[in-house]
Amino acid sequence: MVFSNLTFLFLFLPLFFLTYLAAPKFLRNTLLFIGGIIFYAWGEPFYVFVLLISVLFDYLLGMAMHKYDNNPKLRKAALITSIIMNLSLLGLFKYGGFIAENINLIAGRELFNIDLPLPIGISFYTFQTLSYTIDLYRRRITVQKNPINFAAFVTMFPQVVAGPIVRYEDVALELDKREITLEMVYEGICRFVMGLGKKVLIANNIGILWSSVKGMAIAGEYSHMSTATAWLGIIAFTFQIYFDFSGYSDMAIGLGKIIGFKFPENFNYPYSSLSISEFWRRWHITLGNWFKSYVYFPMGGSRRGKLRTLINLGVVWLLTGIWHGANWNFILWGVFMGVLVISEKLFLGKILDKLPWFLSNIYVMVMVIFMWPIFELPTLSHIASYIGLMLGIGGNGLFLDQQAAYMILNYGVMFTICIVACSELPKTVAQAIRRRCPALVDYGTIPVILAIFIGCTAYLVNAGYNPFLYFNF
Amino acid sequence: MKNLHKKILFVLFTALIIGLPAATFMFMPPLFSENENRYLATFSAPDFSGYLRNFFNKTPNNIKGKQFMNGFDSWFADRFVLREDWIILQNELEMLQGKTEINGVFVVGDRMIQSWREEAELIQNVDLTLRAVDGFAKRMGDIYGAESHIMLVPTAAEIYKELLPPNSQPGNQDALIRYCYDNLAHLTSIGVMTYLSENSDRYIYYRTDHHWTTHGSYLGYFAAAQKLGITPHDFGRFNVEHASSDFRGTLFSKTLNFRVTPDIIQFFSLASDNDRELLLRVNNGAEIIERDSLYFREFLDKKDKYAAFMGLNSPIMEVITDAPTQKSLLIFKDSFAHSMIPFLASHYSHITVLDMRYINTDIAELVELQNYSQILFVYSVDNFAEDRNLRKLERVGG
């Protein structure tokens, strides 16, 4: 199931909350577990067993580490088993087809044929359970003896399919004891509805523009496209992916608050960044932190000299690319990001520091926008043609044609909304008003939130286009 | 009270997420949506064994077990309380953003116009249809000596091109019609474009429906008459009956825009019609119905009032009249012909109307092809270009 779905909003959500609030506290984690399984199975009625097996194994390995607390060898064995098992699941389901395809290509004949549909959210929940066993091994956390609590941690519906990647230590205390307060519920509702609005009213809407441009690009109809069309399309995607994914994270964080959890933040106005390194500290924060804690730091981080630092960064960015999907374009995308981050570490950072902020921001946005075709288009030739068209090579030879003019006419308002909504301006304005007249913000929030919710419902009743981009990762 | 606003929001939000589904289950709407003009979704029981069987086939989106979930989702959305009002709200929000096209329909002034653009492989598709139609016409001429004619009717998007929003790049129907006519060596082409353009200030297309009005189809009849060798009746001789003045058609169904004035259904009749006898035999695929009129007045009380012209699309219709002539006509058509056939009825003793979209057998088994001295194709050009069913004629009469 997804959040932006009538069945979720008007059946699952009310039924779950009524039961959850009515239930005695000791049953709430059980409800969270059962609710999560129903939520997950609605989208994956078969792969839900992969999720359950993963939960069971990591629970048992955690218990084993606890039982053989004095035996370093056995503890290490348990950890290695967990790592191998989680990465194998990921490897089989996510990368199996890709690896087999490339082995076949090298061998020149079909040796393997792995063609499994990707289980929703596998990249998220394997990283979550890994954080548990690794942190347990490092003695950062204590063991979870109650299997229901552990299962609730992995499968709770706000974050099971698309993150944020909640680490066990983030919610360890709340799993055992949490309060539901009016404050939290209120903040949770506001956050959830804002996220829903980002997804349904903004991302889906601007996404229609990108899907039509992408459709033309994939069909190879470059001769009908102008340079402006290519730019409008990829800028539309730039907004779509931000509002889609950050909207999803907002919804997850909001739902978490309503049921008493404080999930980590996942986005912090990434399009305001002044360098690519900063961009990645503000975009999909929980993934960046995961790689930092479990890959970059263990490899020595930046403490083993300049060369080693650069190698470590390169490895992290390669893995980040691969995490996003089993295809060469994601690897290329990761390498591209890595090169930018490393150049900033070496020399570019100093230059960016001296530039006026808006020039640095423009540099970041141009890089980000040029990077999305690599992320979005399936083959190298598509990527080359698309980026070429953005630079004025190929296409119908025009910078602006009727098609692009018509897109501007139809999407001009939406682009303006996107630019404002991804900046910190709305927050700054709200804070300024709050300083002068807090009641205006308090009571003004009510009609705004309800209007967004009602607008989203209107769009969902007649839903034609409603994909979640980060499900495929 | 410090936290009053928090309580208010909590109560209102909870009321919405509980109240709307409760109302949905209390007031289940009927299965057929009149305004949207379609059957709402139903769902079937879960089929988990089917799901498992189909799991490893290569297209995950076709996994059968998810039919229940997907079916349930669309069933719930289709039956959702105040569904039409939600759609109206959505369309208003779309227009508020400056979108000029809602669901493929332009709303310009007091008129809706179905958008039409040239799809990527338009000419390749048209060529296949043209080859089938031309070959069929040639065989009918060679074998039975029948003469074939074709009339491709432009839609409102062509006639009211200048009303469309700037840069909306409508397809060029004029060029497409000319291309088709140029590539049909064995048919006489009937040009109706000029007649329609010259009368564009008259009520020739419906405001809320994609069809032409009775006046529009009179112009089609007038243009066709000259090629068919019949003398058309003067426009002034017809009595005009306003059979209904609250027709909201297919374009309304797509936008649910109540602001555009509803349409008028007009029946044109001649004084002499009262003395004449006529039999309409409709084979709708399930049964054969006989009537003594081409007008189905019962549809005037329903949503789809255009069906008052000869009813809904049926595979075969026969019009048998007492016209003092032995001429018979075979028509291949889409629904644009429905309002034009009444004009032709007084000139032929026998007209057979075939809708190839609903015929999957060899038409030689359904009609005696040798009985017709004239064959007429009447299609709206967009439908002619995109519909693939005329290609079935490739095999006929060979």
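**Note on the predicted model: chain A and a strand of chain B**

1. Helix 16 of chain A has a kink of about 60°, centred on A:Tyr411. The model discussed here is a predicted one.

2. This helix covers residues 402-421 of chain A, 20 residues in total. From its first C-alpha to its last, helix 16 reaches 28 Å, close to the 28 Å expected at 1.5 Å a residue.

3. Several residues of helix 16 in chain A are buried, including A:Gln403, A:Ala404, A:Met407 and A:Asn410. A:Tyr411, on which the kink is centred, is also buried. Helix 8 (182-218) and helix 9 (227-258) of chain A are among the elements that cover the buried residues of helix 16.

4. Chain A as a whole contains 18 helices and zero strands. Its radius of gyration is 23 Å, close to the 23 Å that the globule rule gives for 473 residues, so chain A is as compact as a globular protein of that length. Along its principal axes, the C-alpha trace of chain A spans about 70 × 65 × 45 Å.

5. Of the 473 residues in chain A, 44% are buried. Among contacts in chain A between residues at least 6 apart in sequence, 75% join residues at least 24 apart.

6. In chain B, strand 14 (residues 350-354) is mostly covered, with four of its five residues buried. Strand 14 pairs with strand 12 (residues 316-321) of chain B in the antiparallel sense over five bridges; here B:His350 is the bridge partner of B:Ile320. Strand 14 also pairs with strand 13 (residues 328-333) of chain B, in the parallel sense and over five bridges. In that strand 14, B:Thr352 stands opposite B:Leu330.

Methods. Residues numbered from 1 in each chain as written. Chains lettered and ligands numbered in written order. Predicted model: local features only at pLDDT ≥ 70, side-chain atom pairs only at ≥ 80, totals over all residues. Helix = DSSP H or I, 4+ residues; strand = E, 2+ residues; numbered from the N terminus. Rg over C-alpha atoms; globule rule 2.2 N^0.38 Å. Buried ≥ 20, exposed ≤ 12 C-beta atoms within 10 Å, placed from the backbone. Contact = placed C-beta atoms within 7 Å. Expected span 1.5 Å × (residues − 1). Bend = angle between axes of the 7 residues up to and from the residue. Pairing = 2+ DSSP bridges.
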